[in-house]
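Open the model in your viewer and show it as a cartoon. The stops below go from one selection to the next.

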Amino acid sequence: MNDYLIVGSGLFGAVFAYEAAKKHKKVKVIEKRKHIGGNIYTESIAGIQVHRYGAHIFHTDNQEIWDYVNQFAEFNRYTNSPIANFHGEIYNLPFNMNTFNQLWGVVTPQTARKKIAEQRSILKGKSPKNLEEQAIALVGTDIYLKLIKEYTEKQWGIPANELPSFIIRRLPVRYTYDNNYFKDRYQGIPIGGYTQIIEKMLSHENIQVDTNVDFFEKKEHYHEESKKIIYTGMIDQYFDYQYGALEYRSLIFETEQMKNVENYQGNAVVNYTDKETPFTRIIEHKHFEFGTQKDTVITKEYPKAWKRGDEPYYPVNNSENNHLYKKYKKLADQQEQVIFGGRLGQYTYYDMHQVIHAALKLVQEELGGRR
Ligand SMILES: Cc1cc2nc3c(=O)[nH]c(=O)nc-3n(C[C@H](O)[C@H](O)[C@H](O)COP(=O)(O)OP(=O)(O)OC[C@H]3O[C@@H](n4cnc5c(N)ncnc54)[C@H](O)[C@@H]3O)c2cc1C
């Protein structure tokens, strides 16, 4: 009998497994992929740590979470400062004085603010009702047209004036020459990749890990052999989609090793913001760790509508889906044996620090005491 069966070896499941094992619980982790780690999985290609499921940059303002994750790996001082490429024109992100200077030649915050205020005036003081109006209200028409509109439409597959404004409510806009995307106090990439973090968490003697195993192949059996189940898969799938399927956006990653190319694009992340380029970004993985290898590895990221069987990357938290999720959540709350966690179990976009926080909170509720 397991004290805990954990469905999914992503960050949520691994943190819970590690903490429960430390408290002498017998834990079994099952994972349907052939490797552990969920979406933070990284693997070495030509000596470069490749982020298999999209670029992952760790950032947090919470010292406890930062100290926690640093137990499992040493982090470097990588700072996320992506670049936008619009038909070959290059702009710094997030929107800051460098971007304003590249667009309009303005040099001072006062002239940048004036320029944006002029462009914003086409809204005539109306409060923004969709993403298009929200973007224009924040950064004016030029930035909206070159750096937001077509990129966002590629990402979501919906015209920007039909997307809800909340998606970009927190769009970072700075009137300083600061290309650091995140405002958090702590930021970095684990030297040697993310997989080691999960490996260390799951290597406890009280934890058994089985990969290539889908919970739904032996659902009844797992219920019988476990006192409790921590389920980090899709919540609607657990309930056999009885109210219908929740929507996601999916992605296709096209990874290429380039021999004898030491530096392909000069930055880890380049966003392609025009609609003619079919992918949204190119990641050059070596730059996350300031690599000096003679080859490079790049990944093109193509957004894609999700259908059953595809990898569900981003929940589409519009009002219809949120309403549907609430119905599933009600069912979930009635399950005494099962706890739903992580981004798929809670149908929420979680960053890594938030996942760790949520898993540690559950540990506290379930197992109590100090770690
Ligand atoms: C493209 C992309 C980029 C991101 N970039 C960042 C970033 O820069 N910074 C940041 O902080 N966060 C980032 N994130 C978020 C980060 O990936 C998540 O916070 C984190 O991976 C969530 O962990 P999880 O355990 O909840 O889910 P997951 O990592 O998805 O783990 C769930 C696991 O459960 C397994 N599973 C599902 N169903 C079953 C089943 N039936 N049987 C067995 N196993 C099952 C899955 O295979 C998976 O391994 C990004 C996410 C994406 C998609």
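Strands here are DSSP runs of at least two residues, numbered from the N terminus. The model is a predicted one, and residue numbers count from 1 along the chain.

**Stop 1: the sheet.** Select strands β9, β2, β1, β10 and β16. In that order, the five strands form an open sheet with parallel pairing. At the edges stand β9 and β16 (338–340), each with a single partner strand, so one side of each has no neighbour in the sheet. From one strand to the next, the twist averages 15°. As a rule, the strands of a sheet pair through backbone hydrogen bonds, either parallel or antiparallel.

**Stop 2: strand β2.** Select residues 27–31. Is this strand enclosed or open to the outside? Five of the five residues of β2 are buried, so the strand is largely enclosed by the rest of the structure; the cut-off for buried is under 20% relative accessible area. Colour the two faces separately. Val27, Val29 and Glu31 lie on one side, Lys28 and Ile30 on the other, and both faces are covered.

**Stop 3: the partners of β2.** Five bridges pair β9 with β2 in the parallel sense, and Val209 in β9 is the bridge partner of Val29. Look for Leu5, which stands opposite Lys28 in β2.

**Stop 4: the crossover.** Together, β1, α1 and β2 make a right-handed β-α-β unit.

**Stop 5: from β1 to β10.** Select β1 again, this time with β10. Their pairing is parallel, over five bridges. Tyr4 stands opposite Lys228 in β10.

**Stop 6: Ser226.** Select Ser226, which lies in strand β10 (residues 226–231). Is Ser226 buried or exposed? Ser226 has a relative accessible area of 1%, so it counts as buried. Show what surrounds the residue: leaving aside residues up to four places away in sequence, Ser226 touches Met1, Asn2, Leu5 and Gln337. Leu5 is the residue already seen opposite Lys28. Then turn to the side chain of Ser226, which reaches the backbone oxygen of Tyr222 at 2.7 Å.

**Stop 7: a longer view.** Zoom out and select His59 along with Ser226. The two are 167 residues apart along the chain, and their C-alpha atoms are separated by 35 Å.

Terms used:
Predicted model: local features only at pLDDT ≥ 70, side-chain atom pairs only at ≥ 80, totals over all residues. Heavy atoms only, no water. Buried < 20%, exposed > 50% of the residue type's maximum accessible area, 1.4 Å probe, protein only. Helix = DSSP H or I, 4+ residues; strand = E, 2+ residues; numbered from the N terminus. Pairing = 2+ DSSP bridges. Right-handed = clockwise from strand over helix to strand, strands pointing away. Contact = heavy atoms within 4.5 Å. Polar contact = N/O pair within 3.5 Å; in protein donor to acceptor, adjacent residues only side chain to side chain. Axes fitted to C-alpha atoms, helices over the stretch in contact; angles between N-to-C directions.
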